[in-house]
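Please keep the sequence and the structure open beside you while you read.

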Amino acid sequence: MLTVPLLQPLLLAVLLFALGLTGVLVRRNFVFILMSIEIMLNAAGLAFIVAATRWGQADGQVMFAFILVLAASEVAVGLALILRIRHRLTTLDADAADLLRG
Amino acid sequence: MNDAFYVASGIAVLSTALAITRANGVHALLYLVISLLAVALVFYTLGAAFAAALEVIVYAGAIIVLMVFLVMMLNLGGAAAARETQWMKPRVWIGPAILGIVLEAEIVSILARGDAGVPSLAVILPRDVGIAMFGPYLLCVELASMLLLAALAGAYRLAYLERAEG
Amino acid sequence: MLHAIWLVPAIPLLGAVILIIGCGRLPSLLVSIIGVGSVALSAIIASFISIGFITTPPPGNAFTIILWHWMAIGSFSPAIGFYLDPLSLIMMLVVTIIGFFILLYSSEFMAGDEGYSRFFAYMNLFVAAMLVLVLARDLLFLYAGWEGVGLCSYLLIGFWYQDPANGLAARKAFIVTRIGDTGLMIGLFLLFTHLGTLEIQPLMLRATQSWPAGSTMPTLAAVLILIGAIGKSAQIPLQTWLPDAMAGPTPVSALIHAATMVTAGVYLIARTHMLFALAPAVQMAVAVIGAATLLVAAFAALNQHDIKRILAYSTISQIGYMFLALGVGAWSAAIFHFMVHAFFKALLFLAAGAITMRLHHEHDIFRMGGLARRLPVAFWSFFIGAASLAALPLITAGFYSKEMILSATWAEGGRIPVLWAAGVITAFLTSLYIFRAVFIVFFGDLKTPVSGHYGPRITLPLIALSLLALIGGFVETPEGLGGITLFSKFLASVFGEAPVVSGSAANLRLLAASLVSLAGAGLAYALYMRSSPRFTAWAATPAVLGWRRFLFTGWGFDRLYNALAVRPFLAIVRVNRNDAVDYVYQIIALTCRMAHQFLHQSQTGRIRWYAGWLAAGSLVTIAISVLQ
């Protein structure tokens, strides 16, 4: 069992989240954006697990399970959307999908 | 146990950083799998064995496999990788990196103010998780099932049209 | 029997509703049966009610029936209810009986008109609205009838709407009377807020109890009611709509002038006479307005050559007599003159209509002439009406009612009887202008060929009204001529006992007034039958011609109002064509557009851009909580 202060796993979660965010903002390819979103979701899940460990309660892990469900749904719809965008725009460039510009 | 945590954390951060910088889609996904497995290990060290198993099976297994299929289907080969490299000039990193670092700094400053505490000695068994999930969180489980159903229908519909138009 | 009072307005209303629903598809025979029959039925019921009322008077000499309450808001619960007392009884009888004769006449007069059914629908509605007005127990219900009358007058004046001039006349009538209506409405608000009720009898009682005579409140209320009354009754300064109202069919003019509409103002003042008694200054104003209107309209009538416009100005003038009587507190004299005026004015209009319909709708009296032998019925009825209007002594009803007013005016007039003098001068002028019309129209050479013929539905009303115009006055005669006071006795429970004027001086004045009207007729005979060349030459001199033109336009009131009200308003409208208020809103729109210009640049449509701003926003939010 871990004996370090829980600050450290929380720091790991924040670091992963920031990396995912950076990925979303940097990458122009839809597939990579989706991957970065997965990273962010995973980081959030990690924070919940830390909380579960801190209090010795199962609720945090339940939340992790729900995040998993969310991630699965998001990937399913996201991938289908990517297929459609690819079909419509013949590219995966996120900046090319700007029909909603003002 | 603590050593395992530090090593796994290091691997997770490193492989994640590599995953978001790779030009080749398959390479990135492989780094992502490594990152997820490392996080699963972190879960294990935190005493969440059940969550660690779910992480491996659902994330590293199902979700990433799905994405690998997609990358293969879209045929992101050498040309796509070259374009990715072209898109990832150092200049485009500046803004997002600053945002990420500021976020990091802010949350760390919040965390540093309080005491995050130490792990409780109580062991959370998969049984406890199951009891909580089908007890007080039953409604959420139902909602999650509906979400999955909606995602299924949505994905099917979008993909179906894809085929019809093609 | 008295409980059937609600049927009196309800039956014409029902007739109107049936005719409106019929959409003009009913056969014209059925239309005339419904249109005339409903008013006839209403008149019969009104007569039976009157007999019942006179033979066995209800307690307090007044009868009230409440059908239902309109609404109930706190203490304000106006009722759909009727109030029958001698005053409203006389009004009801005149409205239904005269209305019946006019409708009977119009069933032939309007035959073949494409709007036959529409005409009867409006006429029935008109009669119903007027009956509501005179029978209402509540001032609010009265106001409903008041507005109904205004609406119907608009519809009927503009009956032949294809001619834009008729539409203009209708709008003019509506707008000018609306000025008065607004005054009346404000008056009602005032009365309600200060006295807490709109039921007429309690209202009058409370007014007498809580307001001292001559104080501000009753004066203000009376002024506002007076504004309403002069609008409807076409008195100076709101008289300009009535001559133009001749644009409607002749029976409409008869109805407006004799039975409905213009007498509403007289009725309103008589109904609220207690309020006017509390405001002597306003009552004096009523008298002065009446006297001024008398003279102005009589002079204008002298110079008209449209037969209907002569009658229109004579109506304004005769209503002026009623106002004069009201102003000097001779309430029953005013109502007496109203009744008699209804008889002879309906008669005159119907006779004029009978003439014009045989002359291809020629209205110019100078293109008529020599009709006395060709159209005997029209001639005799017009002559009787004219005699009654001119108040030829002893044999006509108009004589008795006018004498009643003049003697009351003298009694009130103090040492300088200006009002009395105005009345007497007008009596002379009235006689002059109406006999001018009679001599020009019926004597001399035939100028326009006569065609067609009358049916009994034209002649019967003329004969009946002729009889009424002759004998209708014998219910009230001066002290010197028998002193019958049936009429004022009957109204005494409403207005109090009228003072009896007697003595040799009164008889002398009576003789003078009689001579004056005979003199007017004689002068008309001398000038227009014997057409002396000197008079013709004098009438054609430039100065006289200018005056005549001025009088022809009704003392230039239309021009005055155009200059004072219409043109400045149009000028303001023209200046403000681009609506200054709009600029405020344009500034708002401009601001929005500028903000849009600025903000739409952020709408790049790129998902990463949005995500970046989302992250930045979150960072700022977190930073705020961190820095606190």
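The points below take up the record's annotation and then the contact between the two chains.

1. Please bear in mind throughout that this is a predicted model, and that the annotation discussed next comes from a record. In an unreviewed UniProt entry, the term "transmembrane region" is applied to residues 6-26, 33-56 and 62-83 of chain A.

2. Two of these stretches can be set against the model itself. Residues 33-56 of chain A are 96% helix and 0% strand, with 35 Å between the C-alpha atoms at the ends, while residues 62-83 of chain A are 100% helix and 0% strand, with their end C-alpha atoms 32 Å apart.

3. Turning to the interface, 73 residues of chain A are in contact with 80 residues of chain B. Together chain A and chain B bury about 7,100 Å², and 76% of this area lies on carbon and sulfur atoms.

4. Which side chains form the salt bridge between the chains? The count between chain A and chain B is one salt bridge, and in it the side chain of A:Arg27 meets that of B:Glu84, at 2.9 Å from N to O. Across the interface of chain A and chain B there are also nine residue pairs in polar contact, both residues being at pLDDT 80 or more.

5. On the side of chain A that touches chain B, the elements giving two or more residues are helix 1 (7-26), helix 2 (30-55) and helix 3 (59-89) of chain A. Helix 3 of chain A gives the most, with 24 residues, and the residues of this side of chain A divide into 50 nonpolar, 15 polar and eight charged.

Terms used: Residues are numbered from 1 along each chain as its sequence is written. Chains are lettered from A and ligands numbered from 1 in the order in which they are written. This is a predicted model: local features need pLDDT of at least 70, side-chain atom pairs count only at pLDDT 80 or more; totals for chains, interfaces and linings use all residues. Side-chain values use heavy atoms; hydrogens and water are left out. UniProt positions are given in the numbering used here, feature names are shortened, and annotations may be inferred rather than shown by experiment. Helices (H or I, at least four residues) and strands (E, at least two) are DSSP runs, numbered from the N terminus. Contact means heavy atoms within 4.5 Å. Buried area is the accessible area (1.4 Å probe) that two parts lose on being put together, summed over both. A salt bridge is a side-chain nitrogen of Lys or Arg within 4 Å of a carboxyl oxygen of Asp or Glu. A polar contact is a pair of N or O atoms within 3.5 Å; within protein, one must be able to donate a hydrogen and the other to accept it, and residues adjacent in sequence count only if both atoms are side-chain atoms. Ala, Val, Leu, Ile, Met, Phe, Trp, Tyr, Cys and Pro count as nonpolar, Asp, Glu, Lys and Arg as charged, and the others, Gly among them, as polar.
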